[in-house]
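The following briefing accompanies the sequence and structure shown below. It begins with a single residue and then moves on to overall architecture, cores, helix packing and backbone features.

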Amino acid sequence: MIEARHLRVLRAVASTGSFSAAGRELGCTQPAVSQQMKALEASVGTPLLVRTGREMRLTQAGEALVRHAAGIIAGLTAAEEEVAAIAGLRAGRVRLVSFPSGSSTLVPTALAALRAAHPGTRVSLEEAEPPRSVELLREGDCDVALAFRYEGAAGAEEWDDLVVRPLLTDRLVALVPENHRLARTGATGTVAIGELARESWIAGCPRCRGQLVEVCEGAGFTPRIDFATDDYPAVVGLVGAGLGVAVLPQLAVESVRPRGARTVALEPAVRREIVALTLPDLAQVPAVTATLDELARAGARQPAAR
């Protein structure tokens, strides 16, 4: 019989490459890791690791078991959390992963409301951009992942195996220096992105960067990207210093104070769908459900959603 604790050890060995490193990650000794791996190999009746000096390599059977381990562990976690909630033995635990602008806007509001309603629920937060955040969810390393995708982008089926809770639709806006010729347009109307064709550009995260190039090429030009950074405050700072223009999601602009810069509505409109994702088994866990509900309420209150 395969035990969940043995699967967790196998995943740690596979990801770290050694018994000692896996022990450090799991908070146990190297002999304990070795003993549990032997027990797992005895349970399945075949070697799972090839030991070559200090290195570990998975056998074909080991690779297969690691591939199934995330789903098995997620299912067991869902069962443990739901039974504990029903029995009233302990509060829930939720591991949340979010992209940065979601962390600074949606997450604080949602977690404050969650704590007020369920003070015993513990939530941890890590940051990762999609698609990495979605990978962490599928690998069993988080319970809820905030992610986004652009309207009309390819790969709409990439979340078909997940529970998708829509949070809001976020429109992209142009960001220009406050003394720019188009800075006053924001109060009166929209600007065609082609009017920025000859500007210097400051690009954001890789996915947003790809979307920017796609939209610009659709308007008949390729943007000259002079600066690229994943840090939204840095983008705003560069624009505010007059070093170029940028296109950012409205939610990202709301997460920082755009000193020296002005937002301008763009045509054609480009929007991204912001969602919270979880695995089907985890969607049955009360603490996860409560977290999804509060994130949805936080999304509905965002100015970007109106």
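In this predicted model, R271 is found in strand β12, which covers residues 271–278. With a relative accessibility of 30%, R271 falls between the limits of 20% and 50% and therefore counts as partly exposed.

**Surroundings of R271**

- Once neighbours within four places in sequence are set aside, the residues in contact with R271 are Y150, E151, T169, D170 and R171.
- R271 and S104 lie 167 residues apart along the chain, and their C-alpha atoms are separated by 19 Å.

**Overall architecture**

- The chain contains 10 helices and 12 strands, and its C-alpha trace spans about 70 × 50 × 30 Å along the principal axes.
- Of the 306 residues of the chain, 45% count as buried.
- Among contacts in the chain with a separation of 6 or more, 71% are accounted for by residues 24 or more positions apart.

**Nonpolar cores**

- The largest nonpolar core comprises 71 residues, and V144, L146 and W201 are those with the most contacts inside it.
- Strand β6, formed by residues 163–177, gives the most to this core, contributing seven residues.
- Another core, of 16 residues, lies apart from the largest one, and its members include F19, A22, V33 and A69.

**Helix α2 and its partners**

- Helix α2 runs over residues 19–26, and its buried residues are F19, A21, A22 and G23.
- By class, the residues in the contact of α2 with α3 comprise four nonpolar and four polar, with no charged residues.
- Just after α2, the backbone at G27 takes a positive phi of about 75 degrees.

**Packing of α5 with α10**

- Helix α5 (residues 100–117) and helix α10 (residues 286–301) have axes that come within 8 Å and cross at roughly 130 degrees.
- The crossing of α5 and α10 is right-handed.
- From α5, the residues L106, V107, T109, A110, A113 and L114 meet A290, T291, E294, L295, A298, G299 and R301 in α10.
- The residues of this contact between α5 and α10 divide into eight nonpolar, three polar and two charged.

**Cis peptide bonds**

- The peptide bond from P130 to P131 is cis, with omega near 10 degrees, and P131 is found in the loop that connects β4 (122–127) to α6 (132–138).
- E267 and P268 are also joined by a cis peptide bond, for which omega is about 0 degrees.
- P268 lies in the loop between β11 (261–267) and β12, the strand in which R271 is found.

Technical notes:
Residues are numbered from 1 along each chain as its sequence is written. This is a predicted model: local features need pLDDT of at least 70, side-chain atom pairs count only at pLDDT 80 or more; totals for chains, interfaces and linings use all residues. Side-chain values use heavy atoms; hydrogens and water are left out. Axes are lines fitted to C-alpha atoms, for helices over the stretch in contact, and angles run from 0 to 180 degrees between N-to-C directions. Helices (H or I, at least four residues) and strands (E, at least two) are DSSP runs, numbered from the N terminus. A crossing is left-handed if the near helix is turned anticlockwise from the far one by less than a right angle, and right-handed if clockwise. Contact means heavy atoms within 4.5 Å. Ala, Val, Leu, Ile, Met, Phe, Trp, Tyr, Cys and Pro count as nonpolar, Asp, Glu, Lys and Arg as charged, and the others, Gly among them, as polar. Buried means under 20% relative accessible area, exposed over 50%, partly exposed in between (1.4 Å probe, protein chains only). A nonpolar core is a set of buried Ala, Val, Leu, Ile, Met, Phe, Trp, Tyr and Cys residues joined through side-chain atoms within 4.5 Å.
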